[in-house]
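I opened this entry to record what I looked up, item by item.

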Amino acid sequence: MLRGCVMEQQEFYRGLAQRVHDLAEKADPFTRRRLHKLAEQYDVKGGGAVRPARAVERPLPTPRTTPPTSIFSGPGEA
């Protein structure tokens with residue numbers, strides 16, 4: 001009985017991993033990486049091996065820490 005339950009749980013996680021991988025293919029690059037990482041966790045829970053890495057994508061640019069200088073140019077209120 002316990003073995004059947006474990007098998008069902010593994011099938012559930014494998015199916016969930018596949019659905020998340022499918023969603024990732026339609027997402028923007030940032031979301032795609034996060035979804036593939038999540039799906040890999042489900043693959044492991046499903047008893048499967050981690051899928052081979054996808055093509056490497058260019059990283060997103062780092063966000064600015066200061067606003068552009070044009071905001072500060074010219075007279076303004078103190």
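I looked up Phe12 and found it partly exposed, with a relative accessible area of 47%. My cut-offs are under 20% relative accessible area for buried, over 50% for exposed and partly exposed in between, with a 1.4 Å probe and protein chains only. Tyr13 counts as buried, because its relative accessibility is 16%.

The model is predicted: local features need pLDDT of at least 70, side-chain atom pairs count only at pLDDT 80 or more, and totals for chains, interfaces and linings use all residues. I number residues from 1 along each chain as its sequence is written, and side-chain values use heavy atoms, with hydrogens and water left out.

Next, aromatic rings. I found two aromatic pairs in the structure. Rings of Phe, Tyr and Trp (its six-membered ring) pair if their centres lie within 6.5 Å; planes under 30 degrees apart count as stacked, over 60 as edge-to-face and the rest as tilted. Phe12 and Tyr13 are edge-to-face, at 5.3 Å centre to centre and 70 degrees between the planes. The pair of Tyr13 and Tyr42 is stacked, because the ring centres are 5.9 Å apart and the planes stand at 25 degrees. This pair links distant parts of the chain, with Tyr13 in helix 1 (residues 2-24) and Tyr42 in helix 2, 29 residues apart. I noted that ring pairs link Phe12, Tyr13 and Tyr42 into a cluster.

Then I looked up the helices. The chain has two helices and zero strands; helices (H or I, at least four residues) and strands (E, at least two) are DSSP runs, numbered from the N terminus.

Which residues form the largest nonpolar core? I listed nine: Tyr13, Leu16, Ala17, Val20, Ala24, Ala27, Leu35, Ala39 and Tyr42. Such a core is a set of buried Ala, Val, Leu, Ile, Met, Phe, Trp, Tyr and Cys residues joined through side-chain atoms within 4.5 Å. Helix 1 and helix 2 each supply at least two residues of this core, and helix 1 gives the most, with five. Leaving out residues up to four places away in sequence, I found Ala17 touching Ala39, Tyr42 and Asp43, where contact means heavy atoms within 4.5 Å.

His36 is in helix 2 (residues 29-45). I recorded His36 as buried, because its relative accessible area is 8%.

Last, the totals. Of the 78 residues of the chain, 17% count as buried. Among contacts between residues at least 6 apart in sequence, 49% join residues at least 24 apart.
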